[in-house]
Amino acid sequence: MRTWEELERDCGSCTRCGLCRTRHNVVFGVGPRDADVMFVGEGPGEQEDLRGEPFVGPAGMLLDDMLSIIDLGRHNCYIANIVKCRPPHNRDPQEQEQEACIDYLRDQMALVRPKVIVCLGRIAAMKLIKPDFRITREHGGWMEKGGVWFTAMYHPSALLRDVSKRPETFEDLLSLREKLRELQVEL
Ligand code: URA
C-alpha cells in the first residue's frame, strides 16, 4: 500500500479520468490521519474545487452544523469524497469516473483505519455500502464490514434543497452518536 506522501502525490497529478481537464484543484481530503470517524461525500463542488478542500461551500457549512448537534467537531473527523475532482456543473460523478478514482479513497480508508464511516448521500452509499443502496429507505442503518461500521445519511446538499428530510437526519445523527459511544470513541 502507498504511504500518505505517495498517495497525495499520485492523486495530485492524476489524469485517470476526464475530470482532470476541468478541475482547478484536486480535493484530496482533510482531517486527522488517525481519525475514528470518516465522512465521505460524492465529489467537490465549486468552492471545494477552488479551495482544494472538501465541504467548504454551503453544504459544508450545513455539515458543520450537523456535526455540532452531536458535539463532533470537523477537526476530529477525516473528510473525503468518492471522486477528487469536481464534476462540471455539479453533475453526479459517472460510474467510470468513480471507478477511476476509488483506489485513492480505498487507500485513505486503509491508512486512516476509522472505526466508523459515514456516507453522505446516495452516491457514496452505493459505492461503499452496496450498489443497490436506497437512501430514502436505508439511511441511518448500520453495516459492519471488515471491522469498520458503515452508515449513510442524506447529503447536506439534499437537506439544503428539502428541509423536510432534516428530522430524519437528526435521528441519524443521534444514532451516530450512540454508535460512537458504543465504540468508546472520544468526541
Ligand atoms: N459535496 C460533496 O459531496 N463533497 C464536497 O466536498 C462538497 C459538496
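**Entry 1: Gln108**

I started with the neighbours of Gln108: leaving aside residues up to four places away in sequence, Gln108 touches Trp4, Leu7, Phe28, Gly29, Met38, Tyr78, Ala80 and Lys84. A reminder to myself that I am reading a predicted model here. I then looked up where Gln108 sits, and found Gln108 in helix α4. Is Gln108 buried or exposed? Gln108 has a relative accessible area of 0%, so I wrote it down as buried.

**Entry 2: Gln98, also on α4**

Next I went to Gln98, which has its place in helix α4. Its relative accessibility is 6%, and the cut-off for buried is under 20%, so Gln98 counts as buried. Which residues does Gln98 touch, if I skip those up to four places away in sequence? I listed Ile82, Val83, Pro93, Ile123 and Lys127.

**Entry 3: helix α1**

Trp4 and Leu7 had turned up among the contacts of Gln108, and that sent me to helix α1, residues 4-12. The buried residues there are Trp4, Leu7 and Cys11.

**Entry 4: helix α3**

I moved on to α3, residues 58-69, and counted twelve residues. From first C-alpha to last, α3 reaches 17 Å, close to the 16 Å expected at 1.5 Å a residue. Which residues of α3 are buried? My list reads Ala59, Gly60, Leu62, Leu63, Met66 and Leu67. They take up an arc of only 160° around the axis, which means that they sit on the same side of α3. On the other side I found Pro58 and Met61, and both are exposed.

I looked at one more residue of helix α3, Asp65. With a relative accessible area of 45%, which lies between the 20% and 50% cut-offs, Asp65 is classed as partly exposed.

**Entry 5: the ligand**

I kept the ligand for last. Which residues surround the ligand? I found Gly41, Glu42, Gly43, Glu48, Pro54, Phe55, Asn81 and His155 around it.

A polar backbone atom of Glu42 is 2.8 Å from an oxygen atom of the ligand. For Gly43, I noted a backbone N or O atom 3.0 Å from a nitrogen atom of the ligand. His155 uses its side chain, with a polar atom 2.8 Å from an oxygen atom of the ligand. How much of the ligand's accessible area does the protein cover? On its own the ligand has 240 Å² of accessible area, and the protein covers 94% of that.

Terms used:
Residues numbered from 1 in each chain as written. Predicted model: local features only at pLDDT ≥ 70, side-chain atom pairs only at ≥ 80, totals over all residues. Heavy atoms only, no water. Helix = DSSP H or I, 4+ residues; strand = E, 2+ residues; numbered from the N terminus. Expected span 1.5 Å × (residues − 1). Buried < 20%, exposed > 50% of the residue type's maximum accessible area, 1.4 Å probe, protein only. Arc of directions from axis to C-beta. Near = heavy atom within 4 Å. Polar contact = N/O pair within 3.5 Å; in protein donor to acceptor, adjacent residues only side chain to side chain. Areas by Shrake-Rupley, 256 points an atom, 1.4 Å probe, with all protein chains shown as cover. Contact = heavy atoms within 4.5 Å.
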